[in-house]
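Open the structure in your viewer and keep the selection tool at hand. Each stop below tells you what to select and what is there.

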Amino acid sequence: MKNAIIYWFVFLAIQLVAGGIMQGIYLLWEGPGAILDATGTILTMMLFSVVTMALFLWQKWAVVSRHWIQTRPWVVLVWCVLAALGAIIPSAWLQEQMPELPNIVEEEFDMILRNRYGYIVVGLLAPLAEELVFRGAILRSLLKWNSRPWVAIVISAVLFSAAHMNPAQIPHTLLVGLLLGWLYYRTDSIVPGVVFHWVNNTIAYVLYNFYPNPDLTVTDLFGSQQHVLMAVGFSLCILIPSLLQLNLRMKK
């Protein structure tokens, strides 16, 4: 448990240090009062992700192995893609049924998601870095600490959600964190989680650029409550069979 908490704090510390370094560079370059623009924010996230992965691999806090991928689990990865597609609308709809939470990083997300290079951070680096840390290091440590896997999975999901430091994302990141933890526990590999995470973030990036209104709701997207419920039902018809297939096919 202690190691998992340490890894979590290291993850946050790297993020703060990367932001401080980039802000310092901007102050030297632009002069007093300069703040990070979209390019600076994206470069900060790139630096943070690369340093995080390098540190966790170098210290062997996260262990990367080809054992699982060498079993050629391509069907499992296809079902991971379908599960991620099926989870988006039900998760968004469920979040909208809950009390509204403040979105404290809305401006930062807007800068990243509107920029064409933002996809490098959101769609590519974030899934790799976060899965390496939260499943490959934190959850792996928790599974050794507690013999009950769901206790470890829930704790890792809470830490994953808290690390985003944005109340508005808590419902979605908590649910996704549980799914990602289950994928790791069943396979001992971060690859299924990276694939699921990549699809989830890619959809968010694409939707934001098609509908750049941060206050867009599922009802706004589909036009009426009836259509929303139909979309949720259709998505569940993808999500539930995908989870059942993953449960049957995943193995360590």
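Select Arg 114 and Asp 110. Both sit in helix H4, four residues apart, about one turn of the helix. Helices here are DSSP runs of H or I with at least four residues, numbered from the N terminus. The pair forms a salt bridge, with the closest N and O atoms 2.5 Å apart. A salt bridge means a side-chain nitrogen of Lys or Arg within 4 Å of a carboxyl oxygen of Asp or Glu. Side chains of opposite charge can pair when their charged atoms come close.

A word on the source: this is a predicted model, in which local features need pLDDT of at least 70, side-chain atom pairs count only at pLDDT 80 or more, and totals for chains, interfaces and linings use all residues. Residues are numbered from 1 along each chain as its sequence is written, and side-chain values use heavy atoms, leaving out hydrogens and water.

Now colour by accessibility. Buried means under 20% relative accessible area, exposed over 50%, and partly exposed in between (1.4 Å probe, protein chains only). Arg 114 is partly exposed because its relative accessible area is 48%. Asp 110, at 22%, is partly exposed too.

Stay in H4, residues 106–114, and pick Met 111. Its relative accessibility is 26%, so Met 111 counts as partly exposed. Which residues does Met 111 contact, beyond its neighbours within four places in sequence? They are Leu 36, Asp 37, Ala 38 and Thr 41. Contact means heavy atoms within 4.5 Å.

How many salt bridges does the structure hold? There are two. For the other stop, select Arg 135 and Glu 131, whose closest N and O atoms are 2.7 Å apart in a salt bridge. Both belong to helix H5 (residues 118–145), four residues apart, about one turn. Arg 135 is buried, at 0% relative accessibility. Glu 131 is also buried at 0%.

Move to helix H6, residues 149–163. Its buried residues include Ile 153, Phe 160 and Ser 161. Just after H6, Met 165 takes a positive phi of about 50 degrees.

Finish at Thr 173 in helix H7 (residues 170–187). Thr 173 is buried, because its relative accessible area is 5%. Its side chain makes a polar contact of 2.8 Å with the side chain of Ser 161. The Thr 173 side chain also reaches the backbone oxygen of Gln 169 at 2.7 Å. A polar contact is a pair of N or O atoms within 3.5 Å; within protein, one must be able to donate a hydrogen and the other to accept it, and residues adjacent in sequence count only if both atoms are side-chain atoms.

Note on methods:
Helices (H or I, at least four residues) and strands (E, at least two) are DSSP runs, numbered from the N terminus. The expected span of a helix is 1.5 Å times one less than its number of residues.
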